[in-house]
Amino acid sequence: GEDVSAVRLYPNPNPGSFYLDLPEGIHAADVRIYDGLGRLVLQYRQTTPHRSVTLSGKGVYYVSVRVNGKLFAARTAVVE
């Protein structure tokens with residue numbers, strides 16, 4: 001199976017901007033980011049290995065990465 005830990009989110013904690021890297025072999029992923037109350041704050045399709053993400057507002061965010069409709073990885077981003 002895939003190495004789920006290969007999805008990298010850094011720096012973390014961060015000031016509101018971070019990078020999300022997809023592992024080799026994953027060419028497209030659907031990324032959804034939720035705030036601490038479970039509200040969807042950002043949704044996009046990532047088709048590059050490396051992408052910058054910017055969030056406004058401090059707090060803990062839940063980042064879900066889906067590949068082919070299946071949950072591939074989950075990360076927590078801390079904006080401080």
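Visitor: Where is the place of asparagine 14?

Guide: Asparagine 14 sits in the loop between strand 1 (8-10) and strand 2; strands here are DSSP runs (E, at least two residues), numbered from the N terminus. This is a predicted model, in which local features need pLDDT of at least 70, side-chain atom pairs count only at pLDDT 80 or more, and totals for chains, interfaces and linings use all residues. Residues are numbered from 1 along each chain as its sequence is written, and side-chain values use heavy atoms, with hydrogens and water left out.

Visitor: Is asparagine 14 buried or exposed?

Guide: Asparagine 14 counts as buried because its relative accessibility is 2%. Buried means under 20% relative accessible area, exposed over 50%, and partly exposed in between (1.4 Å probe, protein chains only).

Visitor: Which residues does asparagine 14 touch, not counting those up to four places away in sequence?

Guide: They are Ala77, Val78, Val79 and Glu80, where contact means heavy atoms within 4.5 Å.

Visitor: And what lies 3.3 Å from a polar atom of the asparagine 14 side chain?

Guide: That is the backbone oxygen of proline 11. The backbone nitrogen of serine 17 lies 3.4 Å from a polar atom of the asparagine 14 side chain.

Visitor: Turning to threonine 47, which loop holds it?

Guide: Threonine 47 lies in the loop between strand 4 (40-46) and strand 5 (50-54).

Visitor: Why does threonine 47 count as exposed?

Guide: Threonine 47 counts as exposed because its relative accessibility is 54%. Leaving out residues up to four places away in sequence, threonine 47 touches His27 and Ala28.

Notes: Helices (H or I, at least four residues) and strands (E, at least two) are DSSP runs, numbered from the N terminus. A polar contact is a pair of N or O atoms within 3.5 Å; within protein, one must be able to donate a hydrogen and the other to accept it, and residues adjacent in sequence count only if both atoms are side-chain atoms.
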